[in-house]
Amino acid sequence: MSSKTEQKLGREKLQRIIEMCIAIEAHAVDPFMLDVDDIIKVVKEYFPRWEKPEDLNLDAETIHHLASSIKLQSEWIKHRSTSLYTDPFLLEEKITQAGKEVMVGLFLKAWHPVVELEQISIHSLAEAMRYWETLLPLRERWKELAAPKVEIGTATRDELIRERILGDKVFSDELENYWQELKEKVKEKGHDGKILYWDFVGAETYEETAQRAFLTSFLITYGYATLEIHPLEEEIFIKPFETPIAKISTQQSISIPIAVTHDNWQKWKRGEPD
Amino acid sequence: MSRRKGVYASKMKRATHMLFYRRHQKPGVKGWELHKALGADYPKVLDILDDYLKSLDLQVKTVFEEEKTPVEKPALEELDKARFYVTLRGELTPKETKMIGWRIDDLAGLAIAIAYIISKKGQASRKEVEELLNEKLPGWKVGLNIDRYIRYGYLLQDDNAQLYLDWRTRAEVDRKALIDTLLTAETQKTAPSEVTDEESKEADYKSND
């Protein structure tokens, strides 16, 4: 078998192990279905063949998930060995069948409520009086602010835009235009349908960059684009979708913080890696 | 009285003040607070106090951090991280529970919730617990009761609506005894409509929620 075919087979095996471990972590599969020795054998067998960072990453991910599954096995054994372990079905049955009075009666055998007292002391009274003496009257603490009186009037949309209360475009239009810009930029400068995050967000001024990063976050949240993160290379790509993905907002989302600091912006301007 | 005895008597008084009167939002005192106030021999002071409280049917209860109850004699470091409470040593009678503001339904609901969470390895979804309580309590009460158990510190709820046992259950409930007695108890069926008896109405006035 050629080295490439073997690597492909190895990748598939690791992928299957990861899927199995994820199912165990989600409590969908019994943790003891996993033969740890066998898996370690597979991981050991293919490890010397991994050269690419993605493969090493896959290897590390397999070990990570395997460790989580072993932890679950150990927790299961620990729980079973404690005196508190009882068959949950049996217990549930007992709970459902027990009457209120029985339940209260047996709870009282195991319940030892905490004793606590609340009482004011001479010391706390003296302390409170000292506080009261030094407390300024409300009229002195909450002095009225001399707010200038302004006549009620009307403002036009242009005036609100000038005051920066409103943007000059409807936000959804602005987002749509920005999405088109992303698609064009990917065609021009990107590869594999994606572009480096900073190459898209970066602009002449820092203010503009921050504004673009702000809009980009909405592109991702609203399903117009997605982020692709390569942790080993420390690279973040942005990838536009051909049509917005509506189900994104219904799935559980994760937040990815990206620091758009002045220093990072300067580094990008100088062409230094982030 | 010898000087040594006098020292312990005064330390015991100090420990009593600290343990009986609530100092923080939650009752109880952390080991390190007792260590600071009474000195490194505070476990001995607590032993003497516990012995003294026996005649009053009270006890000094130690709750170790994250349920790491040591198998052997705990080290001072472990005790410093533990929390100490004064709890009832013996048992309350059903009449007494009404006096302290618990209706029979509420207490039975609490017992069921705690036992069920224990049976599920310390974690159960609120929905499951609600369904279980719904069998014997009126629907409108179930949610209110669970909120009350959470507010009192018996249960804890996370953002995913999963329920866990909280600090008060760890301090007050002998979980092993609860499960053992439940498993050995004679089963007795109760109809859901059996809720509004005269006694529970009466207790309603006493309940402050």
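Start with the open sheet of three strands in chain B, whose order is β4-β6-β5 with antiparallel pairing. Strands here are DSSP runs of E, at least two residues long, and helices are runs of H or I, at least four residues long, numbered from the N terminus. Two strands pair if DSSP finds at least two bridges between them. This is a predicted model, in which local features need pLDDT of at least 70, side-chain atom pairs count only at pLDDT 80 or more, and totals for chains, interfaces and linings use all residues. Residues are numbered from 1 along each chain as its sequence is written, and chains are lettered from A in the order in which they are written.

Select β4 (124–125) and β5 (155–157) of chain B next: these are the edge strands, each pairing on one side only. Within β6(B), Y164(B) stands opposite L156(B).

Now show the whole of chain B. Its secondary structure comes to 11 helices and six strands. Of its 209 residues, 31% count as buried (20 or more other C-beta atoms within 10 Å of the residue's own, with C-beta atoms placed from the backbone).

Last, turn to where the chains meet. The contact takes 31 residues from chain A and 47 residues from chain B, two residues being in contact if their C-beta atoms, placed from the backbone, lie within 7 Å. On the side of chain A that touches chain B, select α4 (88–97) and α5 (100–110), the elements that give two or more residues. α5(A) gives the most, with nine residues.

Terms used:
Buried ≥ 20, exposed ≤ 12 C-beta atoms within 10 Å, placed from the backbone.
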